[in-house]
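Please open the model in your viewer and keep a selection tool at hand. The stops below say what to select next and what is found there.

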Amino acid sequence: MRFKAFCFGLFCILFALYIYTPIPDNIEERWKVMTMDAGARICVFVALFLENIGIMRFEEFISMLYTLDYTQPLSDEHLTVTDITFIDIPVRLYLPKRKSETLRRAVIYFHGGAFCFGSFKLTAYDLLNRWTSNRLDAVVVAVDYRLAPQHHFPAQLEDGMAAVKFFLQDKILRKYGVDPNRICISGDSSGATLTAAISQEVQNDPEIKRKIKAQALLYPALQAIDSYVPSHRENEHGILLTRDTCIKLVSLYFTKDEVLPQAMKRNQYMPLESKHLFKFVNWSILLPEKYRKDHVYTEPILGRTSYSLPGLMDNRASPLLAKDSQLQDLPSTYILTCQYDILRDDGLMYVTRLQNVGVQVFHDHIENGIHGALSFISPPFYLHVGFKIRDKYISWLDKNL
Ligand SMILES: *[C@@H]1O[C@H](CO)[C@@H](O)[C@H](O)[C@H]1NC(C)=O
């Protein structure tokens with residue numbers, strides 16, 4: 001009893017501390033956003049506290065909270081929903097029940113969660129994928145993948161790639177009545193990193209016969225080599241995702257070694273031999289002026305660390321590091337960026353790079369958008385901006401797939 005009272009008291013104090021964290025003027029539903037942001041900050045505080053006193057790791061606590069929201073595969077009058085595996089990769093399959101005269105479109109979806117947590121089972125993803133399947137009369141395959149820090153890069157990517165390759169087989173497409181020429185891969189946040197990397201691999205691998213028609217990247221993370229681009233500076237204490245949390249989680253994708261996040265905070269973590277890669281993320285050239293503002297470009301300091309993490313230089317972890325020749329065959333691409341998002345500039349730079357090599361790109365920028373907004377399309381935590389993002393994405397898909 002006393003413990004519960006203590007916890008409640010602590011919660012109230014933290015809430016009172018965090019609720020007045022200033023947010024930008026044009027954010028809609030201000031009180032809701034401020035409340036949710038305070039909630040997120042409390043979770044981070046508790047997770048850090050538990051980690052510091054040695055009870056559990058930071059990401060274990062957050063992961064536990066996510067698990068509370070997992071859903072079962074529920075079919076309804078329109079859709080048959082089942083949890084199955086592709087080889088050994090768990091997927092949730094949404095098949096429209098209505099008879100179709102023609103083959104259907106298909107969407108393969110990768111959930112976000114910083115490579116450390118989440119699943120297609122989360123309510124918001126389940127709703128999004130149902131919605132996609134219903135709206136487009138499409139087959140939707142939502143893919144889970146092994147998570148960090150138990151599994152580091154490239155496990156997540158290998159799982160995603162294996163699921164996509166499995167689905168792209170003629171006999172599987174036939175089984176589900178899918179049109180091989182109308183397949184899209186989509187994802188949000190770290191799921192969009194996987195989407196971008198897998199699209200590059202599929203389109204450039206001569207052994208994969210079936211190619212994809214479209215890719216959709218929703219507030220994607222596309223590079224892990226420069227941790228001080230303008231959106232990192234502007235959103236250092238950003239809504240729902242701060243720079244410190246972002247660095248902590250991204251570094252777990254590569255290693256549990258605490259040296260990496262420390263060096264990342266100073267932007268002094270890349271090896272000397274990565275010098276040639278920085279032209280691919282040179283925001284002073286790749287960002288439109290509107291977003292560069294008066295930020296001053298400084299090259300990251302290289303060669304200050306002793307570890308060797310080849311993943312940091314790999315374009316499968318940072319799709320922005322692909323050469324132009326690896327980008328030019330990419331399919332029609334949808335990129336959505338949010339103004340108040342630490343990852344904003346990754347998406348913006350990819351728009352420029354793809355346009356430079358002639359890939360068809362459609363870009364939506366949400367002026368009052370925040371990172372992770374798509375996770376707020378289920379009550380009681382819904383936000384208008386979440387529905388706006390969903391609707392923009394679905395309407396692009398409907399026209400372009
Ligand atoms: C980045 O671009 C600036 C010009 O805006 C240039 O001076 C600098 O050398 C470039 N750095 C890299 C690593 O490409």
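UniProt positions are given in the numbering used here, feature names are shortened, and annotations may be inferred rather than shown by experiment. This is a predicted model, in which local features need pLDDT of at least 70 and side-chain atom pairs count only at pLDDT 80 or more, while totals for chains, interfaces and linings use all residues. Residues are numbered from 1 along each chain as its sequence is written, and side-chain values use heavy atoms, with hydrogens and water left out.

Select residues 107–257 and 311–373, where an unreviewed UniProt entry places the feature "domain: Alpha/beta hydrolase fold-3". Residues 107–257 are 43% helix and 17% strand, with end C-alpha atoms 36 Å apart (helices are DSSP runs of H or I, at least four residues, and strands runs of E, at least two, numbered from the N terminus). For residues 311–373, the end C-alpha atoms lie 28 Å apart, and the span is 27% helix and 30% strand.

Next, select Ala-317, which sits in the loop between helix 12 (289–292) and helix 13 (324–327). Is Ala-317 buried or exposed? Ala-317 is buried because its relative accessible area is 6%, where buried means under 20%, exposed over 50% and partly exposed in between, using a 1.4 Å probe and protein chains only. Leaving aside residues up to four places away in sequence, Ala-317 touches Phe-153, Thr-193, Tyr-253, Phe-254 and Gly-311, a contact being heavy atoms within 4.5 Å.

Finally, select Leu-10, which is placed in helix 1 and counts as partly exposed because its relative accessibility is 33%.
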